[in-house]
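Reader: I have a model open and would like to go through it with you. Can we start with the charged contacts and then move on?
Author: Fine, go ahead.

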Amino acid sequence: MTMSSRARKLALTVHVAASVGWLGAVAGFLALAIAGLASAEPFTVRGAYLAMDVTARFVIVPLAFVALVTGLVQSLGTKWGLFRHYWILVKLLISLIATSVLLLHMQPIAYLAGVARETTVFGADLDGLRAQLVANAGLAIVGLLVNTALAIYKPRGMTPYGWRKQHERRTATPS
Amino acid sequence: MSDQPGHVASRPDDREAPPKMPRWVKTFVVVALVVVLVIVVLHLTGRGFRGHLPAREGAVEQQ
């Protein structure tokens, strides 16, 4: 199934916008996570965790899913395919891991926001969780930057499946 | 993904045998495995989220 040029450009536009938006939203989330962990100002800490919950719930998660779905549409709807080139496979893997980790962390993020709603003082038993949000947001940014670079550079490398398909097409239509 | 395949670095060659996995993919797999291993170990040793989600009352100090 190959998309028309107009549909392909529309899907690509949405995919690029969602992917870059996802990266930017995670960067904002990381800044809030650092402020929440490092600030000595109680109201800054409280505001940071409340904002992180809203950002994750209404910006990061929707953008992650839009980026993932439009990426699948882009690869399956064009001659690139999903399993033919290593860079597409790696990009898909990073997106799936980042989305899964994000969903796994929604509960702790909501938990911290719940604590922030009730008080301005966080117990020491939450230090590990707060530090881990910083680390995971940092890792997510690295992964999303790798994805951006892969999309632009498209490094060489065809999978055995892609090579077989290419070979079949060439033998089916000899020039 | 805007470029058409076959006009960039991913262009396949005419070899009879399937191409080997590129070095950058092997490097990525090793780095990814290390990162996943570190995250799993952190969680299993109680430094992850499971060890840091106490009951709401116990997590909050008195104001």
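Reader: Is Arg130(A) buried or exposed?
Author: This is a predicted model, to begin with. In it Arg130(A) has a relative accessible area of 8%, so the residue is buried.

Reader: Which residue does Arg130(A) form a salt bridge with?
Author: The partner is Asp127(A), and the closest N and O atoms are 3.4 Å apart. Both residues belong to helix H5 of chain A, where they sit three residues apart, about one turn of the helix. Asp127(A) has a relative accessible area of 37%, so this residue is partly exposed.

Reader: Why would residues three places apart point the same way?
Author: Because an α-helix has 3.6 residues a turn, residues three or four places apart point the same way.

Reader: How many salt bridges does the structure hold over all chains?
Author: Three. One of them joins the side chains of Asp53(A) and Arg57(A), at 3.0 Å from N to O. These two are four residues apart in helix H2 of chain A, and therefore about one helical turn separates them.

Reader: And where does Arg117(A) come in?
Author: The side chain of Arg117(A) meets that of Asp53(A) in a salt bridge of 3.5 Å, N to O. This pair links distant parts of the chain, since Asp53(A) is in helix H2 of chain A and Arg117(A) is in helix H4 of chain A, 64 residues apart.

Reader: How do Asp53(A), Arg57(A) and Arg117(A) count, buried or exposed?
Author: Asp53(A) counts as buried, because its relative accessibility is 4%. Arg57(A), at 38%, counts as partly exposed. Arg117(A) reaches 51% and so counts as exposed; the cut-off for that class is over 50%.

Reader: Switching to rings. How many aromatic pairs are there over all chains?
Author: A search of the whole structure gives two. In one pair, Tyr49(A) and Phe122(A), the ring centres are 5.2 Å apart and the planes are at 45°, so the pair is tilted. Tyr49(A) is in helix H2 of chain A and Phe122(A) is in the loop between H4 and H5 of chain A, so the pair ties together parts that are 73 residues apart in sequence. Both Tyr49(A) and Phe122(A) are buried.

Reader: Which residues form the edge-to-face pair?
Author: Trp80(A) and Trp87(A), with 5.4 Å centre to centre and 80° between the planes. Trp80(A) and Trp87(A) are both buried.

Reader: You mentioned the loop between H4 and H5. What about Asp125(A), where is that found?
Author: Asp125(A) is in that loop of chain A. With 31% relative accessibility, Asp125(A) counts as partly exposed. The C-alpha atoms of Asp125(A) and Leu23(A) are separated by 30 Å, and the two residues are 102 apart along the chain.

Reader: And H4(A), how far apart are its end C-alpha atoms?
Author: They are 19 Å apart. The 13 residues of H4(A) should span 18 Å at 1.5 Å a residue, so the distance agrees. Its buried residues include Met106(A), Pro108(A), Ile109(A) and Tyr111(A).

Reader: What is the phi of Lys154(A)?
Author: Lys154(A) has a positive phi of about 45°, although this residue is not a glycine. Most residues other than glycine have a negative phi. Lys154(A) is in the loop between H5 and helix H6 (160-172) of chain A. At 3% relative accessibility, Lys154(A) counts as buried.

Reader: Last topic: what volume does the largest pocket have?
Author: About 1,100 Å³. The largest pocket is lined by 37 residues, and Ile97(A), Val101(A), Asn136(A), Leu139(A) and Ile39(B) lie nearest its centre.

Reader: Which helix gives the largest share of the lining?
Author: H5(A), with ten residues. Helices supplying at least two residues each include H2 (42-76) and H3 (86-104) of chain A, and helix H1 (23-44) of chain B.

Terms used. Residues are numbered from 1 along each chain as its sequence is written. Chains are lettered from A and ligands numbered from 1 in the order in which they are written. This is a predicted model: local features need pLDDT of at least 70, side-chain atom pairs count only at pLDDT 80 or more; totals for chains, interfaces and linings use all residues. Side-chain values use heavy atoms; hydrogens and water are left out. On a 1 Å grid over the protein atoms alone, a cavity is a set of points where a 1.4 Å probe fits but cannot get out, and a pocket is an open set with protein on both sides within 12 Å along at least five of seven lines; lining residues have an atom within 4 Å of a point. Grid points are joined across faces, edges and corners, and a volume is the space filled by probe spheres set on the points. The expected span of a helix is 1.5 Å times one less than its number of residues. Buried means under 20% relative accessible area, exposed over 50%, partly exposed in between (1.4 Å probe, protein chains only). A salt bridge is a side-chain nitrogen of Lys or Arg within 4 Å of a carboxyl oxygen of Asp or Glu. Rings of Phe, Tyr and Trp (its six-membered ring) pair if their centres lie within 6.5 Å; planes under 30 degrees apart count as stacked, over 60 as edge-to-face and the rest as tilted.
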